[in-house]
Amino acid sequence: MSETPTRGRQADYSGRSVVFGIYCVAIGVAGVMGFLLGMIGPDALRSVKLFFLIEMPPTPLGLAVYGMVTLATILGVLLLAVRFVSRRYGDRDR
């Protein structure tokens, strides 16, 4: 019998695509958590400022956007820094 095309084949995932996938999942989780926090809405919850400039109301949508944008910015800057350092200093031994 012949083997099916998917059996025995390894997935073709590069490191970049895996890191990007984890990045997207983390941002999605932050959005869902912000939405849930906004739905539960403790009475003492105040509005938050996005980048200390834009005031976001403590609604489900406002907290979801705040969490997603904040996490995307922080992780994005860190990932860009890692990419820069690895490209600049990564191949010194070769």
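Let's start with how the chain folds back on itself: among contacts (heavy atoms within 4.5 Å) with a separation of 6 or more, 45% are between residues 24 or more positions apart. Keep in mind that this is a predicted model, where local features need pLDDT of at least 70, side-chain atom pairs count only at pLDDT 80 or more, and totals for chains, interfaces and linings use all residues. Residues are numbered from 1 along each chain as its sequence is written, and side-chain values use heavy atoms, with hydrogens and water left out.

Helix 1 covers residues 15–40. Its 26 residues reach 37 Å from first C-alpha to last, close to the 38 Å expected at 1.5 Å a residue; the expected span is 1.5 Å times one less than the number of residues.

Now, which residues of helix 1 are buried? They are Y23, I27, A30, G31, G34 and G38, and they pack against helix 2 (60–89). Buried means under 20% relative accessible area, exposed over 50%, and partly exposed in between (1.4 Å probe, protein chains only). An α-helix has 3.6 residues a turn, so residues three or four places apart point the same way.

Helix 1 also has M39, which is exposed at 54% relative accessible area. M39 belongs to a nonpolar surface patch with V25, V29, V32, M33, F35 and L36, about 670 Å² of accessible area together. Such patches take residues with over 30% relative accessible area and no salt bridge, joining like charges within 9 Å and nonpolar side chains (Val, Leu, Ile, Met, Phe, Trp, Tyr) within 5 Å. A salt bridge is a side-chain nitrogen of Lys or Arg within 4 Å of a carboxyl oxygen of Asp or Glu. Accessible areas come from the Shrake-Rupley method with a 1.4 Å probe; for residues, only the protein chains shown count as cover.

On to helix 2: its 30 residues reach 43 Å, close to the expected 44 Å. Buried here are G62, L63, A64, G67 and G76, packing against helix 1, strand 1 (48–50) and strand 2 (54–56).

Overall, 14% of the 94 residues count as buried.

Terms used: Helix = DSSP H or I, 4+ residues; strand = E, 2+ residues; numbered from the N terminus.
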